[in-house]
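Subject: Handover of a structure

Dear colleague,

Please find the structure below, together with its sequence. My notes on salt bridges and on one of the sheets follow.

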Amino acid sequence: MVAVWLLGFAGICVLLLVLFGSLMLAAAFKNQIIAEEILLEALPKELDGFRILFISDIHRRRLPAKLLSPVKGKIDAVFLGGDLTENGASMNRLYDNMTLAAALAPAYAVHGNHDYRANITLVDNIIRGCGVKLLQDENIMIQKNGGMLLLTGVDFPRTGGKKAYRPLPPLSGAEAKLFRIILVHDPLWLSRQSEVPADLVLAGHTHGGQVVLPFVGHRHVDPFYRHYNAGHYVIPRKDGSGTKARMLISRGFGTAHLPLRWGSRAEMHVLTLRRGAGQRC
């Protein structure tokens with residue numbers, strides 16, 4: 001009798017594990033765009049309403065053309081926050097993803113750690129060949145309605161680990177006065193800075209923990225990620241301007257290691273920049 005009860009209990013446990021695994025697998029392949037506004041004190045009035053499609057951590061996934069194609073003509077730029085592929089992933093899929101991104105609006109990308117674990121020469125040739133501007137510790141100016149913003153792309157350190165970030169590219173006197181966005185894969189870069197030299201920082205890498213279990217929460221090893229995990233953050237600046245920098249850490253579109261998610265949605269973002277004080281509305 002006890003044996004029968006144990007077998008029944010074991011069977012229920014197996015069914016629950018299969019169900020839970022199926023739900024995590026389904027969550028990993030959900031497609032959604034989070035549309036939100038970010039209020040920025042230093043945003044020039046000419047750039048009020050500037051709209052960005054921000055995607056990070058694609059890994060092995062295919063970008064959904066059916067969901068993304070309608071944003072063409074409604075966004076001003078596409079920012080790709082690294083881990084655009086990974087070792088063993090299809091380069092044809094990377095080509096399709098980069099082609100789609102570049103067709104939506106002028107597209108800019110930075111490397112993530114997983115990009116460097118793939119055939120980086122081939123990866124870079126595909127990115128650039130599809131019309132995406134790859135920024136490796138570079139500045140580029142973007143113009144709209146006579147207003148200018150400076151985009152700085154921070155390259156993930158190819159060697160030497162996360163502590164080996166190179167200094168940000170120097171700015172001319174005119175560039176230093178521009179509204180600035182920093183695109184970086186790993187928000188841990190922030191911990192290496194004595195000052196946040198930007199008005200907005202866009203990052204990914206964390207996947208929001210990817211699998212966040214009840215009572216366990218985020219199991220990041222580095223204490224930095226326990227706070228800077230995912231979502232919006234406000235960071236006071238020390239440059240005497242009295243303004244605050246904003247940072248968004250995306251949970252990312254794809255997954256690392258296993259295609260499973262729980263408690264951390266897969267996401268892409270359409271960010272509308274608005275002039276004003278506050279975090280977002």
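A salt bridge is here a side-chain nitrogen of Lys or Arg within 4 Å of a carboxyl oxygen of Asp or Glu. By this criterion the structure, which is a predicted model, holds 10 salt bridges.

Salt bridges

One of them joins Glu-41 to Arg-246, with 3.3 Å between the closest N and O atoms. This pair connects distant parts of the chain, 205 residues apart: Glu-41 lies in the loop between strand S1 (33–40) and strand S2 (51–55), and Arg-246 belongs to strand S11 (residues 244–249). Are the two partners buried or exposed? Glu-41 has a relative accessibility of 33% and therefore counts as partly exposed. Arg-246 has a relative accessible area of 6%, so this residue is buried, the cut-off for buried being under 20%.

A further salt bridge is formed by Asp-137 and Arg-166, whose closest N and O atoms are 2.6 Å apart. Here, too, distant parts of the chain are linked, with 29 residues separating the partners. Asp-137 sits in the loop between strand S5 (133–134) and strand S6 (138–144), while Arg-166 sits in the loop between strand S7 (147–154) and strand S8 (179–184). Asp-137 is classed as buried because its relative accessible area is 13%.

Arg-265 and Glu-267 also form a salt bridge, and the distance between their closest N and O atoms is 2.6 Å. Arg-265 is partly exposed, at 41% relative accessibility, whereas Glu-267 is buried, at a relative accessible area of 1%.

The six-stranded sheet

Six strands form an open sheet with mixed pairing, in the order S6-S7-S8-S9-S11-S10. At its edges are S6 and strand S10 (231–236), each of which pairs on one side only. On average, and with direction ignored, neighbouring strands of this sheet are turned by 20° against each other.

Within the sheet, S8 pairs with strand S9 (residues 200–203) in the parallel sense, over three bridges. Ile-182 has Val-201 in S9 as its bridge partner. The sheet order also includes S11, the strand that contains Arg-246, the salt-bridge partner of Glu-41.

Yours sincerely,

A colleague

How values were computed. Residues are numbered from 1 along each chain as its sequence is written. This is a predicted model: local features need pLDDT of at least 70, side-chain atom pairs count only at pLDDT 80 or more; totals for chains, interfaces and linings use all residues. Side-chain values use heavy atoms; hydrogens and water are left out. Helices (H or I, at least four residues) and strands (E, at least two) are DSSP runs, numbered from the N terminus. Buried means under 20% relative accessible area, exposed over 50%, partly exposed in between (1.4 Å probe, protein chains only). Two strands pair if DSSP finds at least two bridges between them. Axes are lines fitted to C-alpha atoms, for helices over the stretch in contact, and angles run from 0 to 180 degrees between N-to-C directions.
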